[in-house]
Every structure is written in structure tokens, then in C-alpha cells.
Amino acid sequence: MLKKIFLSPFFMPVAFLTLWLSFMGVLYFGYPADVLRFTEEGEVIEIITHLGYIVLIAVLLAVAADYQDKIKTWGIYLFLALCALLREQGIQHHLSKTDTTPFKSRFFLNPNNPLGEKIVFGAVLLVVAGAVVYLAVKYSKHLVRSFFKLNTVTWSVAVLCTVGVCAKIIDRFPSNWRKAHNGVPLSDEVYTICQLLEESSEMFLPYIAVIILWQYHLLKKN
């Protein structure tokens, strides 16, 4: 019975919304004065996120036998998981000698940054982007077709992509608001909600990926 529920296409949407809303509710209403502290570096949400990527990498290693093509599928998943873990660890803030991070457009447009660094980090970005594009091209057609057939893995992937995109939009919202309103920032309350929405959404991404891998593993065994 539990396995049947876990392999339902509706498991991921319902489980994510339930856990995400519960988590945010506990922090926002239970600890209203400490919400921003929980979203800071080294605090609760970041620790849970780091643990999630470690679990994701461990699960990827455990289910490696499910993927015959170790380079173009499983290998890319492992590569992207490692990149995500390093990003969460803040490695991007320690790579450039002249800037805070080498993975933003301002880094490449700043003439004070060394050309060598721009070439190296530009190549890294191209490799990561290429891996993502490869997966998108390879699976997008199947995902669109199987979504309407209530494919379990497809629905879970849809949740993963939706959460990731929404987290990025929320991340940019405070700065975009400031630019659109002549430098006037969001109110403290709205800014706090945005931070909680963004950080908690990103926190769940590795765990969603873990569930997707395990759903695929069980379905493949069946």
C-alpha cells in the first residue's frame, strides 16, 4: 500500500506542498523574530540543504546500476549534483581573486577582472549549461508526452523544475523591485517572506531529486 502511494504520480506534488508549507509555517509563525537568521549562512536551512546534496550523491551512487549509459545520463546527474553541492558550500565566492563570484554577468563585463579567469570560468559555465541543455533536449519530448499519461517520474520532475524556477524568480524579486521603484526596497516583512520562500524552496530541491531517483529505481525493478 505504501509503495503504491509512493509510486503515484500525485505523491510528489502532495508531499512537497505538505512538507514545504508546514516547514515555512513552523518557522514563520513559530519563530517570527528569527526567520532571517534561519536563512543565513551556516544556519538551519543551509545545513539541511547541504545534507540533502550529500544524501543525493549517496543515492546516485547506490542506484548507478539502473543506468547503462554511465557518461551521458548517470554521469551528468552526478556531475550536476556535485556542482550544486559545491555551490551551496559557497565555493564560487573563493575562486576569483578580484571579484565576489565568477559566475555572474558582471564578472565577465568588469574590465578589472583577469582575462584568464574569464576564460576558465566561462568554460566551466559552458560545461554546466551544456549538461543541462543535453538533458533538456534528450528528455523534454518524452516528459511532455508522458506528463499527460500521468507518468510518476515525469510528474516528480515537473515539481523539481517548477520549484527550481520559482526559487530563482523569488531570488531576483527584491533586486528587481528596487530597480523598478527607484531604489526603494521591499518592506522588512515582505523581504523576510521572500527570503524564506527562496531558501526553503532551494532546501527541498535535493530531497525531491532523491525521491525521483528512488521512484525510478523501484519502477525499473518492477
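## Leu85 in helix 5

Leu85 is a residue of helix 5; helices here are DSSP runs of H or I with at least four residues, numbered from the N terminus. The model is predicted, so local features need pLDDT of at least 70 and side-chain atom pairs count only at pLDDT 80 or more, while totals for chains, interfaces and linings use all residues. Residues are numbered from 1 along each chain as its sequence is written, and side-chain values use heavy atoms, with hydrogens and water left out.

Leu85 counts as buried because its relative accessibility is 15%; buried means under 20% relative accessible area, exposed over 50% and partly exposed in between, with a 1.4 Å probe and protein chains only. Leaving aside residues up to four places away in sequence, Leu85 touches His50, Tyr53 and Ile57, where contact means heavy atoms within 4.5 Å. Between Leu85 and Trp20 there are 21 Å in space, C-alpha to C-alpha, and the two are 65 residues apart in sequence.

Asp66 is found in the loop between helix 4 (44-62) and helix 5 (70-88). Although buried, Asp66 has no salt bridge, and Lys220, the nearest side chain of opposite charge, is 6.0 Å away. A salt bridge requires a side-chain nitrogen of Lys or Arg within 4 Å of a carboxyl oxygen of Asp or Glu. For charge, Lys and Arg count as positive and Asp and Glu as negative, while His and the chain ends are not counted.

Which residues does Asp66 touch, not counting those up to four places away in sequence? They are Tyr216, His217 and Lys220. The side chains of Asp66 and His217 are also joined by a polar contact of 2.7 Å, that is, a pair of N or O atoms within 3.5 Å; within protein, one must be able to donate a hydrogen and the other to accept it, and residues adjacent in sequence count only if both atoms are side-chain atoms.

## Aromatic pairs

Rings of Phe, Tyr and Trp (its six-membered ring) pair if their centres lie within 6.5 Å; planes under 30 degrees apart are stacked, over 60 edge-to-face and the rest tilted. This rule gives 14 aromatic pairs. One of them, Phe23 with Phe204, is edge-to-face, at 6.4 Å centre to centre and 90 degrees between the planes. Because Phe23 lies in helix 2 (residues 11-30) and Phe204 in helix 9 (residues 188-221), the pair ties together parts that are 181 residues apart in sequence. Phe23 and Phe204 are both buried.

Key: Helix = DSSP H or I, 4+ residues; strand = E, 2+ residues; numbered from the N terminus.
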